[in-house]
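Here is a short briefing to read alongside the model.

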Amino acid sequence: MSFRSDFLRHLPQVTAATFEAAALALFRYQAAHCPPYTEYLAQLQRKPDTISRLTDIPFLPIEFFKTHDVRTAPAEWTPQEEFLSSGTTLQQRSRHQVREPALYRENAARIFEQYYGPLPGWTFLALLPSYLEQGQSSLVAMVDYFAQQSRQAQPAFFLRDHAALRAALAQAKQEPGRRVMLLGVSYALLDFVAEAGPAPELQGLTVLETGGMKGRRREMIREELHQELQQVFGPAGIHSEYGMTELLSQAYSLGNGRFHCPAPLRVLLREPSDPFSVAEFRPDGAINVIDLANVDSCGFIETKDLARMHPDGSFEVLGRMDNSDVRGCNQLV
């Protein structure tokens, strides 16, 4: 059995106690078989056999997904799907080439159900206009798969038809035994509430914002965004998702702005000015992500996001490092 097939077979059973061993095994595999990562480690003069802790692992700068073909064992497979990051400037979009599309969707579903219960108990409605227009969005692919698995009657996506969305929300709330989730990029949710105003059919939903003003509205801190949304959707907490094109896993905040990582995902913080200062626990800093589901790309990514870490392992996203691109998912400045 190959490393990949054996690793993926055990991925659903990874726990906090086994995470480090799994991550180190993935590191050694990708250090040898992911050409951009191999070259990066060589330039750093870091030998994989000297790495014995998570905090010793060099993380690949996320910009590599714009400039390189970040694939592990690339000679063994041809991409079956390619996700592109959302674009807000003329700069090149990140590319995440996917060997096995079902791996992304099934992993995302498993994570969602860990926090929210079975997909068939939900109806998913989404306001993701820029993602739909630009195409090849991992977020759109995820929501589409969730809607298929939920076997819902309503279509999932509403480009800018707020009246149709409002009617669909009202109808979905009447279906017994189902909960309703409205997912949306931040600016689109704000456009919707500005037009809709408070209404009974907009109360009692689970609202999941995925971040991103996309240059359409002024940037605001998360608390301010959530307060504006709560004026229409009610006092219940606004939920959030932390994900990105370069990851196959997601973290969720269940209403208090603090994200929790599922088993395949771990966030570590570093000093923003020192990429090699990763710590098991640091109260604040820039985010490094380990995503074990990224077995075919690179599971060790240095992002430009800033965060505050809590002792229980949850984290708050504070914004972006200076001079970084404004990206699509939960990069609220």
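Buried here means under 20% relative accessible area, exposed means over 50%, and partly exposed is in between. With a relative accessible area of 11%, Arg320 is therefore buried. Please keep in mind that this is a predicted model.

**Two arginines**

- Arg320 sits in strand β13, which spans residues 315–320.
- The side chain of Arg320 makes a polar contact of 2.5 Å with the side chain of Asp305.
- Arg71 belongs to the loop between α4 and β2 (81–84).
- Arg71 counts as buried because its relative accessibility is 11%, under the 20% cut-off.
- Two backbone oxygens are reached by the side chain of Arg71: that of Trp77 at 2.8 Å and that of Pro74 at 3.4 Å.
- Leaving aside residues up to four places away in sequence, Arg71 touches a set of residues that includes His33, Cys34, Gln97, Asp296 and Ser297.

**Strand β5 and its partners**

- Strand β5 (residues 179–184) is mostly covered, with 5 of its 6 residues buried.
- Strand β4 (residues 122–127) runs parallel to β5, and 6 bridges join the two.
- In this pairing, Phe124 stands opposite Met181 of β5.
- Strand β6 (residues 206–209) also runs parallel to β5, joined to it by 4 bridges.
- Here Met181 stands opposite Thr206 of β6.
- Between β5 and β6 the chain passes through helix α9 (residues 186–196), giving a right-handed β-α-β crossover.

- Helix α1 (residues 3–10) has Arg4, Phe7 and Leu8 as its buried residues.
- In helix α3 (residues 35–44), the buried residues are Pro36, Tyr37, Tyr40 and Leu41.
- Why do the buried residues of α3 line one face of the helix? Seen down the axis of α3, they fall within an arc of 135°.
- Among the elements covering the buried residues of α3 are α2 (19–33), β1 (60–61), α4 (64–67) and β12 (300–309).
- Just past the end of α3, Gln45 adopts a positive phi of about 60°.

- Thr50 is found in the loop between α3 and β1.
- A polar atom of the Thr50 side chain lies 2.6 Å from the backbone oxygen of Lys47.

**Cysteines**

- How many disulfides does the structure hold? The count is 0.
- Cys298 is in no disulfide, and the nearest cysteine sulfur, that of Cys34, is 5.3 Å away; a disulfide would need the two sulfur atoms within 2.5 Å.
- Is Cys298 buried or exposed? Its relative accessibility is 0%, so Cys298 counts as buried.
- Cys261, by contrast, has a relative accessible area of 24% and is therefore partly exposed.

Notes:
Residues numbered from 1 in each chain as written. Predicted model: local features only at pLDDT ≥ 70, side-chain atom pairs only at ≥ 80, totals over all residues. Heavy atoms only, no water. Buried < 20%, exposed > 50% of the residue type's maximum accessible area, 1.4 Å probe, protein only. Polar contact = N/O pair within 3.5 Å; in protein donor to acceptor, adjacent residues only side chain to side chain. Pairing = 2+ DSSP bridges. Right-handed = clockwise from strand over helix to strand, strands pointing away. Arc of directions from axis to C-beta. Contact = heavy atoms within 4.5 Å.
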